[in-house]
Amino acid sequence: MTDLNALLTRGLDRHKRGELDAAESDYRDILAAMPGHPKVTYLLGALKTQQGRPEEGLALLEEARTHLPNDPAVRLHLGNALKELGRFEEAIAAYDEALAIDPSYAEALNNKANALAEAGRVPDALLVFDYLVQHWPQNPGFRYNRGSRLLKLNRFGDALADFDSALALMPDLAEAWNNRGTALRGLGRTRDGLASYERALQLDPGNPHFIQNRATTLGELDRA
């Protein structure tokens with residue numbers, strides 16, 4: 001058992017570092033020795049979803065849920081797999097199960113808000129994002145996510161405020177600089193938008209989306 005515990009510890013470390021194939025190998029070795037191990041089944045399900053194979057992840061996570069009835073993380077990752085499959089209402093239900101176990105589970109709230117938005121329930125999503133920003137004001141990701149949804153509604157000023165708040169907390173958040181550029185362009189501040197795109201490219205030089213946004217903005221300025 002000691003060897004399996006060491007294997008699990010190594011698998012978790014690899015998983016956290018993003019070494020998904022190596023972590024999968026460790027998890028499968030444990031399951032070969034202990035078929036149906038609930039925690040490892042759950043971890044492998046979460047990993048398969050991260051690998052872009054949510055169908056496989058969903059089957060493993062549904063199996064784990066029956067054996068881990070009080071673990072909110074299992075419900076969280078079940079929701080993630082369902083969301084990746086486009087089954088948004090089922091994903092929302094899974095996140096609600098996680099929140100029934102742990103009402104302060106911020107990651108479940110955040111993912112629920114994203115699923116609500118993807119399901120077309122944007123006002124409901126914004127209410128959840130408002131709650132997240134209110135209760136976790138130092139989390140830049142929640143401000144960025146709310147800003148991104150506001151941007152899609154063409155609420156450029158509100159979105160800009162969120163991106164500025166996110167960047168005050170995490171100045172190297174490249175996606176926030178990029179979306180800030182789009183918000184500024186929406187407000188008619190094209191040169192300021194260009195400067196934000198250029199900052200995004202400094203942080204992530206090969207990002208094709210950032211490159212395209214910068215090129216489009218340069219074209220707009222040339223035509224002005």
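1. At what angle do the axes of helix H9 and helix H11 cross, and within what distance do they come? In this predicted model, the axes of H9 (residues 140-152) and H11 (residues 174-186) cross at roughly 30° and come within 11 Å. Because angles under 35 degrees count as roughly parallel, H9 is described as roughly parallel to H11. The handedness of the H9 and H11 crossing is left-handed. On the H9 side the contact is made by Tyr-144, Ser-148 and Leu-151, and on the H11 side by Glu-175, Ala-176, Asn-179, Thr-182 and Ala-183. By residue class, the contact of H9 with H11 comprises 4 nonpolar, 3 polar and 1 charged.

2. Tyr-144 deserves a separate comment. Tyr-144 is placed in helix H9 and has a relative accessible area of 16%. Since buried means under 20% relative accessible area, Tyr-144 is classed as buried. Beyond its neighbours within four places in sequence, Tyr-144 is in contact with Glu-175, Ala-176 and Asn-179, as well as with Phe-163, Ala-166 and Leu-173.

3. The overall architecture may be stated briefly. The secondary structure of the chain consists of 13 helices and 0 strands. The C-alpha atoms fill a box of roughly 70 × 35 × 30 Å along the principal axes. Of the 224 residues in the chain, 47% are buried. When contacts between residues at least 6 apart in sequence are considered, 43% join residues at least 24 apart.

4. The axes of H4 and H5 lie 9 Å apart, and the two helices pack at an angle of about 150°. As angles over 145 degrees count as roughly antiparallel, H4 is roughly antiparallel to H5. The crossing of H4 and H5 is left-handed. H4 contributes Pro-54, Leu-58, Leu-61, Glu-62, Ala-64 and Arg-65 to the contact, while H5 contributes Val-74, Arg-75, His-77, Leu-78, Ala-81, Leu-82 and Glu-84. The contact of H4 with H5 divides into 8 nonpolar, 1 polar and 4 charged residues.

5. The nonpolar cores are considered next. The largest nonpolar core has 44 residues, and Tyr-27, Tyr-42, Tyr-105 and Leu-132 have the most contacts inside it. Elements giving two or more residues to this core include helix H1 (2-16), helix H4 (54-67), helix H5 (72-84) and helix H8 (122-135). The largest share of this core, 7 residues, comes from H7. Tyr-27 touches Leu-8, Gly-11, Leu-12, His-15, Val-40, Leu-43, Leu-44 and Leu-47, leaving out residues up to four places away in sequence. Another core lies apart from the largest one; it has 18 residues, among them Leu-126, Leu-150, Ala-159 and Phe-210.

6. Is Lys-48 buried or exposed? Lys-48 lies in helix H3 and is buried, with a relative accessible area of 1%. The residues touched by Lys-48, not counting those up to four places away in sequence, are Glu-24, Arg-28, Arg-53, Pro-54, Glu-56, Gly-57 and Leu-60. Pro-54 also takes part in the contact of H4 with H5.

Terms used
Residues are numbered from 1 along each chain as its sequence is written. This is a predicted model: local features need pLDDT of at least 70, side-chain atom pairs count only at pLDDT 80 or more; totals for chains, interfaces and linings use all residues. Side-chain values use heavy atoms; hydrogens and water are left out. Axes are lines fitted to C-alpha atoms, for helices over the stretch in contact, and angles run from 0 to 180 degrees between N-to-C directions. Helices (H or I, at least four residues) and strands (E, at least two) are DSSP runs, numbered from the N terminus. Angles under 35 degrees count as roughly parallel, over 145 as roughly antiparallel, 65 to 115 as roughly perpendicular and the rest as oblique. A crossing is left-handed if the near helix is turned anticlockwise from the far one by less than a right angle, and right-handed if clockwise. Contact means heavy atoms within 4.5 Å. Ala, Val, Leu, Ile, Met, Phe, Trp, Tyr, Cys and Pro count as nonpolar, Asp, Glu, Lys and Arg as charged, and the others, Gly among them, as polar. A nonpolar core is a set of buried Ala, Val, Leu, Ile, Met, Phe, Trp, Tyr and Cys residues joined through side-chain atoms within 4.5 Å. Buried means under 20% relative accessible area, exposed over 50%, partly exposed in between (1.4 Å probe, protein chains only).
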